[in-house]
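Dear colleague,

Please find the structure below.

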Amino acid sequence: MGDSKSGSINDRMQNSKFIAKFTEISVKVGNWVYLRSLRDAFAVILPMFIVAGIGVLLNNVVFTWFLKGDLLAKFQVVGNAIVNGTLNVAGILVAPMIGYMLAKNKGFNNPIAAAAMSLASIFILMPNSIQLGTVASGGAKMATVTGGLSYLNTGTQGMFGGIFVGLIATGIFIKLASVKRLQIHLGENVPPAVAASFSVLLPAILLMSFFAIIAALLAGFFNADLINLIKTWIQEPLRGFNTSIVGYCVIYTLANFLFGLGIHQTVLSGTLLDPLVLVNMNENMTAYAHHQEIPNIITTSFVSNYTLVGGSGSAIALIIAILIFSKVKSSRQIAGLSLAPGIFNINEPMIFGFPIVFNLPMIVPFVLFPTIGSLIGYFATLWGWVSRTVVLVPWTTPPLIGPYLSTAGDWRSVILQLIVIIIGVFLYLPFLKISEQVARIQAEENRD
């Protein structure tokens, strides 16, 4: 009996050590300045992509209800202009934002200069000529145009190039700017803005020259450019796996397990998935705006519709399960308080208040259900039962409204999400009963 008890204590100690070590590593990864800066930068530009979704929705749904022909084309200039200022310059937008946030997070005293350096660097690395299709009397031909930029490079397909250049350019710039021999000091009577500019002049020259040499070597010897090389050799293979249904489910399973240990799931999913599903989302919006075939299933809006319904772990299903089936007063009080924020996909009150974190019975459905919802949503979309997502809606959009808007008005996606929520309620229910039973036994033991 004593040996059994001792063994149980040792097992618990080993498990607690593993969890503590796992937590420590995860926190270090999540706080890594480069990953944190990446998340911060995307948080800044996310509203622009939501506005792009509104433009796509106006052009292809709202305006088509009551306009036709030339009048419709004239009104659609509004949506096209919004798309040009958001989706079609996504790769350009992300570079200076990363530059600014990385410099700020590193404590650099001139983050706006870092943003400017990142922006200049990505333009230096853009191809000097682009191929355009033309139609002549002899048929379709390809023409090479110099002195212009293509939306294929500045838009969503160039986002990873923007990320890469933003991180590398800023890192190099900060290193160079910290070398005192490279700093030019004009004296105390010079205006601060001018002094700051000259202080980073030599680092800026060295950085620009470095990227210019790379651009020249790639163009002269390989007839290539860094932006397209990054897209071909890094962005597409990484996106291909991470946004495949297998890679996607693995990442979200691990991310929700982290949240079960009290570490927000964005530590993992925000780094490995958010930029990639946003690229997919923007590609879908662009294709829909140009009346082309929609290429991607897993997008930012797909995450909200089927993976994180009502927030991380789809905890809205747990709230519903408690309010309908639970007779435990404390559970019902917490669920009642969590309902209003849960409707807007904010479920931290439930995760930490019920709690779900470090509550083994609740961690199981919390980890499993996002994968189940993802599989249901993925195959229903793949088989054509619901439309693919073509509009980026804010993550705080309530359930049932979000699917309708993100699929440009497909009512079937609303029904599918409702089915996912119902499945979630019945998945959470037995674990809820176990959790409440465990809590009751523990309360009785504490009284004794």
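The lining of the largest cavity comprises 5 nonpolar, 6 polar and no charged residues (Ala, Val, Leu, Ile, Met, Phe, Trp, Tyr, Cys and Pro count as nonpolar, Asp, Glu, Lys and Arg as charged, and the others, Gly among them, as polar). The model is predicted: local features need pLDDT of at least 70 and side-chain atom pairs pLDDT 80 or more, whereas totals for chains, interfaces and linings use all residues. Residues are numbered from 1 along each chain as its sequence is written, and side-chain values use heavy atoms, without hydrogens and water.

On a 1 Å grid over the protein atoms alone, a cavity is a set of points where a 1.4 Å probe fits but cannot get out; a pocket is an open set with protein on both sides within 12 Å along at least five of seven lines; lining residues have an atom within 4 Å of a point. Volume is the space filled by probe spheres set on the points, which are joined across faces, edges and corners.

The largest cavity has a volume of about 50 Å³. Its lining includes S304, N345 and Q417.

The largest pocket holds about 850 Å³. Of its 32 lining residues, L46, Q265, T266, D274 and W395 lie nearest its centre. The lining divides into 16 nonpolar, 11 polar and 5 charged residues.

R239 is buried, at 7% relative accessibility (buried means under 20% relative accessible area, with a 1.4 Å probe and protein chains only). The side chain of R239 makes a polar contact with that of E283 at 3.0 Å (a pair of N or O atoms within 3.5 Å; within protein, one must be able to donate a hydrogen and the other to accept it, and residues adjacent in sequence count only if both atoms are side-chain atoms).

Kind regards

Definitions and conventions
Buried < 20%, exposed > 50% of the residue type's maximum accessible area, 1.4 Å probe, protein only.
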